[in-house]
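Here is a short note to read beside the model. Please keep the viewer open and turn the structure as you go.

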Amino acid sequence: MNVAEHTSAEDLGLLVKETQTLLHQRMSEALRPLGLSVPQYACLQALHDTPGITGSELARRVFVSRQSMNVLLQGLEGRGLVERSDRPGPRRERATTISAAATETLALGRAAVSDVAARMVGGLEQEDRDRLRTLLAACSDALLHEER
């Protein structure tokens, strides 16, 4: 790879990271009035979309460690947004479900996050959005499946 290609690829990587950081900041701002952080919102979303998800998988989806996930779940449980089983299941994990009380909070969070995402891609035509999704998925796949 020549220097120009390296610089171009590196610039793209930095642009993706900058965009991700700005997206996270805007999502944080939008979720703050609901008393949610981005990881808390992502946790509720994952619990809603994937009932029975393990704590380990939940941590992976929310991009936190298992230990951080446990603290996050304790906070959500204290607010009545999730319910955790008293009995440990496989691998001593406690089953966690989204509570009925969290339904409205999650709906408001989804609307807030959707608004942020819509603003992010608002200047793009649908064809460009579809192409961007395809390209970002290809980049993610390339990193996920790279040989170590």
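Is Arg 61 buried, partly exposed or exposed? At 39% relative accessibility, Arg 61 counts as partly exposed; buried means under 20% relative accessible area, exposed over 50% and partly exposed in between, with a 1.4 Å probe and protein chains only.

Before the points, some ground rules. This is a predicted model, where local features need pLDDT of at least 70, side-chain atom pairs count only at pLDDT 80 or more, and totals for chains, interfaces and linings use all residues. Residues are numbered from 1 along each chain as its sequence is written, and side-chain values use heavy atoms, leaving out hydrogens and water.

1. **A pair within one helix.** Arg 61 meets Glu 57 in a salt bridge (3.1 Å, N to O). The term stands for a side-chain nitrogen of Lys or Arg within 4 Å of a carboxyl oxygen of Asp or Glu. The two are 4 residues apart in helix H3, so about one helical turn separates them; helices are DSSP runs of H or I with at least four residues, numbered from the N terminus. Glu 57 is partly exposed too, with a relative accessible area of 25%.

2. **A pair across the chain.** The whole structure has 6 salt bridges. In one of them, the side chains of Asp 49 and Arg 110 meet at 2.9 Å, N to O. This pair links distant parts of the chain, as Asp 49 is in helix H2 and Arg 110 in helix H5, 61 residues apart. Asp 49 is partly exposed at 44% relative accessibility, and Arg 110 is partly exposed at 31%.

3. **Another pair in H5.** Asp 115 and Arg 119 form a salt bridge (2.6 Å, N to O). Both lie in helix H5, 4 residues apart, about one turn of the helix.

4. Helix H4 covers residues 66-78 and has 13 residues. Which of its residues are buried? They are Met 69, Leu 72, Leu 73 and Leu 76. Seen down the axis of H4, the buried residues fall within an arc of 100° (taken from the directions from the helix axis to the C-beta atoms), so they line one face. The face turned away from that buried side carries the exposed residues Gln 67, Val 71 and Gly 78.

5. **After the helix.** Just past H4, look for Gly 80, which takes a positive phi of about 80°.

How values were computed:
Expected span 1.5 Å × (residues − 1).
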